[in-house]
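Please look over the model shown here before reading the briefing. The notes begin with the overall fold and then turn to the packing of selected helices.

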Amino acid sequence: MNSQNESLISGKGLWKSFQSGDDEVSIIKGLDFSLAQGESISIMGDSGSGKSTLLNLLSGLDCLDKGTLKWKERSIENLSTSTLSSMRRSFIGFVFQSFYLVPDLTVYENLYLSAKIGYKDMNQDEIHARISEYLEKVHLKDREQHSVVTLSGGEKQRVAIARALINDPLIIFADEPTGNLDDRSSKEILELLLSLVEMEEKSLVLVTHNPNFAQHTDKQLYLKNGTFED
Ligand SMILES: Nc1ncnc2c1ncn2[C@@H]1O[C@H](COP(=O)(O)OP(=O)(O)OP(=O)(O)O)[C@@H](O)[C@H]1O
Ligand SMILES: [Mg+2]
C-alpha cells in the first residue's frame with residue numbers, strides 16, 4: 001500500500017452509548033470510518049445525531065464501547081493516556097465552533113502555548129519563527145499582541161486554525177468551525193481552512209450543517225441513527 005492510500009484513521013464497528021437517566025442510549029451504532037492521507041471528508045447530520053461524539057471517538061478523546069480503531073495501522077486501544085495525548089498532538093489538530101482560545105492571553109501567547117508543548121526541542125527563536133509564519137498564513141500578523149477577547153469571531157477562528165496547524169499534524173478535525181460566525185465570515189473561514197489544508201497536504205474531517213460547504217470536500221457522509229446513510 002503506498003502512502004497516498006494508507007489509512008490514517010481506520011475505525012470498524014464503532015459503538016458508543018451514553019447513560020440517560022435509567023436508560024442507555026446508543027449514539028454510534030456499528031459505524032465504519034476510514035480517512036486516507038490527504039483526503040477530506042465532511043460529516044453532516046441533525047443536531048444530536050452524534051457528530052461530535054464520533055470525532056471524540058476517532059481522536060481517542062472518548063473511549064469506544066465496541067469496535068476497533070487504528071491510527072496508521074496501529075491500534076490505539078490500551079495505550080496509556082499520556083502516550084495517546086502525545087501521539088494525538090502530532091496527529092490531529094482541532095478547530096471548534098466556540099474557538100476554545102485562552103481568553104486572558106494574546107494571539108501570540110495562544111499559539112506559543114501550543115507550539116511550546118508540541119516542539120519541546122525547539123529553541124525560542126525557532127518557535128518565534130514558526131508562530132510568525134502561521135500568523136502570516138492566517139493574515140493576523142498585525143494582531144499578534146492583541147488579547148484574543150478583543151478579536152472578532154472570524155479573527156478568533158483564524159487564531160484557532162493557526163493553532164491547529166502549528167504542530168504540523170497530519171489531520172485537521174474541524175467541528176462546525178463556522179457555527180458561530182455570520183455568513184460572510186463563515187465563507188472566509190471555510191476558504192482559508194480549505195486552502196491551508198490543501199497547501200499543507202493535511203487530511204480534513206469537517207463537521208458542518210452547510211451542504212454547500214460540504215461539497216468542497218472529497219467525500220460527504222451523513223450521520224443518521226448512529227451510522228452513515230448510503
Ligand atoms: N458525555 C455525554 N453524556 C451523555 N450524553 C452525551 C454525552 N455526549 C453526548 N451525549 C449525547 O449524545 C447525543 C449526540 O451528541 P453530539 O454532541 O455528538 O451531537 P452532534 O451531532 O454533535 O450535535 P450538534 O450538531 O448539536 O453539535 C446527544 O443526545 C447528546 O446529549
Ligand atoms: Mg456537535
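The structure is a predicted model, and the protein in it contains 7 helices and 10 strands. Its radius of gyration is 18 Å, close to the 17 Å that the globule rule gives for 230 residues, so the protein is as compact as a globular protein of that length.

**Overall dimensions and contacts**

- Taken along the principal axes, the C-alpha atoms of the protein fill a box of roughly 50 × 40 × 40 Å.
- Of the 230 residues in the protein, 37% are buried.
- When contacts between residues at least 6 apart in sequence are considered, 73% of them join residues that are at least 24 apart.

**Helix H3 against helix H4**

- Helix H3, residues 107-118, and helix H4, residues 124-137, have axes that come within 10 Å and cross at roughly 125°, an angle that makes H3 oblique to H4.
- The crossing in which H3 passes H4 is right-handed.
- On the H3 side the contact is made by Tyr108, Leu111, Tyr112, Ala115 and Lys116, which meet Ile127, Arg130, Ile131 and Tyr134 of H4; the residues of this contact divide into 7 nonpolar, no polar and 2 charged.

**Helix H3 against helix H5**

- H3 also packs with helix H5, residues 153-166, at an angle of about 15° and with the two axes 9 Å apart, which makes H3 roughly parallel to H5.
- Here, too, the helices meet in a right-handed crossing, as H3 passes H5.
- Val107, Asn110, Leu111, Ser114, Ala115 and Gly118 are the residues of H3 that meet Val159, Ala162, Arg163 and Ile166 in H5, and the residues of this contact comprise 6 nonpolar, 3 polar and 1 charged.
- Leu111 and Ala115 of H3 take part in the contact with H4, and Leu111 and Ala115 are likewise among the H3 residues that meet H5.

**Glu136 in helix H4**

- Glu136, which is found in helix H4, counts as exposed because it has 11 C-beta neighbours inside 10 Å, and the cut-off for exposed residues is 12 or fewer.
- Although Glu136 and Ala162 are 26 residues apart along the chain, their C-alpha atoms are separated by 9.4 Å; Ala162 is also one of the H5 residues that H3 meets.

Terms used. Residues numbered from 1 in each chain as written. Chains lettered and ligands numbered in written order. Predicted model: local features only at pLDDT ≥ 70, side-chain atom pairs only at ≥ 80, totals over all residues. Helix = DSSP H or I, 4+ residues; strand = E, 2+ residues; numbered from the N terminus. Rg over C-alpha atoms; globule rule 2.2 N^0.38 Å. Buried ≥ 20, exposed ≤ 12 C-beta atoms within 10 Å, placed from the backbone. Contact = placed C-beta atoms within 7 Å. Axes fitted to C-alpha atoms, helices over the stretch in contact; angles between N-to-C directions. Parallel < 35°, antiparallel > 145°, perpendicular 65-115°, else oblique. Left-handed = near helix turned anticlockwise from the far one by under 90°. Nonpolar A, V, L, I, M, F, W, Y, C, P; charged D, E, K, R; others polar.
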